[in-house]
Amino acid sequence: MADSPKFDKKSRYTGGRGIAGSFEGETVTRRRLMEGGAQLVGGVTVAAIALPGLGFALGPLFEDTIPTRWQDVGPEDDFNDESYVPRVINAEPRVGDAGKTTIYVRRFDDQRDKVNEGQDPQPYVAISTRCAHLGCPVRYIQASGKFVCPCHGGVYGFEGQVEGGPPVRPLDRFYTRVTGGRVEIGDRFSLNSDLERFSPRDPSNHLDGLWQYIYPSRPTT
Amino acid sequence: MKLLRPSPPRPGKNGRDQNGAPATKPTAKDQAVEGAASAIGWLDERTGATPFLRGFLYRKVPKGTNWYYTLGSATMFAFLSQAITGVFLAMYYEPDPTRAYESASRITNEVFLGELVRGMHRWGSTVMIVLIFLHMGRTFFFGAYKYPRELNWVIGVVLLVLTLMMGLTGYLLPFDQRSYWATIVAVNLNASGPVIGPYLADFLRAGSEFGPTTIARFYSLHMLAVPGLIAALIGAHLYLVAKLGTTAPPWLKAEKKDLFTEEV
């Protein structure tokens, strides 16, 4: 057939390509059309099952499920600006005891504490015990005025800034406010090494310089 | 119903043996053997299992094949043992942050043989990790990853990663202090990856904090998603082994006679 001048392999029409049983003006054979149609229907069916399933599994990435709430940690008299007082708050109220976490609270000291431009200082400094390396619980050592992590030896100074070990940024803090003479603890925030405030990041995420773009803010926080 | 019809007469079965002498009555043993053979024959006729199994189980192996070649099968049997004990553990385990620890300790302390089954699963996981690494070492040092078996090496690496994921997701489930903090650290390790790391951690935790569905998520990955993938990939791995055959150990020299002799 290829030798015949009547047929052209590159013709638009099935008749022109010499396909048996072709209709005039037909560009796609019925067989090909059926194949394509069956694959399309199959693809749509698979997508109709797979996409909702995938969305179901990935949904929590795009919603903030922990609402902002203020937790009372005691009267103002309980705290001073010299040393930290440990308090227990509930970081995730839906999991019972597993959601509880220790924080260290002291009064803000405008002599000693750094105030970054454009960021209101918090009336109380509430330090999270979640190590900025991989999330183990740090402990405040009164004698040295430092926070120490038991897992990989991270050491933080009095303001939570990194002084040694693997942590990549200072300890996180929580927003604080005073209502009716009582100290209340709000949402978590993270800090870079200049103690500038950022939306909460996971431990191990750097926040200095260009690193803050490599570890972006997420919809869940 | 062909099965219920009497089998066609055969020589020696018509009351006479080959020499024309009256045959003895078939004993109960003969009848049982006959019944089993006909049942297997019925299946074989409909599935073609015999030629497949003969090719799969009695395939030729190179000279010098030794005990190291059993490490892959050993890993697979460790996986099967994990799957079986895991199914039974799932009958008593409750993947809920307030009940997980108690259900796990009930398995150990109260359920009949619970300690044994949980122990098998717990130590079996370590055995499987050890075996899969030995198997990978064998493949590497014998050069068995080379052409045409590269794809099987790639599948094997994916199986290794999935096996490690089984270890990671299973570690949380007893939900004691050790598993809780180990998982916190492991999830934060995932978060340290650039750009997608934080999202990966959110996926594993189902949120920004270790939440009420985190343990259910780990449980689902541990007993449904990852084992399903492992089982499917073991199938592909075995198919390629059977199709491509195994390699001779590297210390075995090719016989030059065979290489250069041509049949005329």
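Ground rule for elements: helices (H or I, at least four residues) and strands (E, at least two) are DSSP runs, numbered from the N terminus. With that, I get two helices and eleven strands in chain A, in the order α-β-β-β-β-β-β-β-β-β-β-β-α.

This is a predicted model, where local features need pLDDT of at least 70, side-chain atom pairs count only at pLDDT 80 or more, and totals for chains, interfaces and linings use all residues. Residues are numbered from 1 along each chain as its sequence is written, while chains are lettered from A and ligands numbered from 1 in the order in which they are written.

Next I checked confidence (pLDDT, the predictor's own, per residue, from 0 to 100). Chain A averages 90, with 97% of the residues at 70 or above.

Then overall shape. The C-alpha trace of chain A spans about 100 × 35 × 35 Å along its principal axes.

I looked up the chain contact too (C-beta atoms, placed from the backbone, within 7 Å). Chain A puts in 27 residues and chain B 24. On the chain A side I find 15 nonpolar, seven polar and five charged. Here Ala, Val, Leu, Ile, Met, Phe, Trp, Tyr, Cys and Pro count as nonpolar, Asp, Glu, Lys and Arg as charged, and the others, Gly among them, as polar.

Residues in their contact include L168(B) and Y171(B) from α6(B), and A182(B) and A186(B) from α7(B). That contact has five nonpolar residues, two polar and no charged.

Methods: Two residues are in contact if their C-beta atoms, placed from the backbone, lie within 7 Å.
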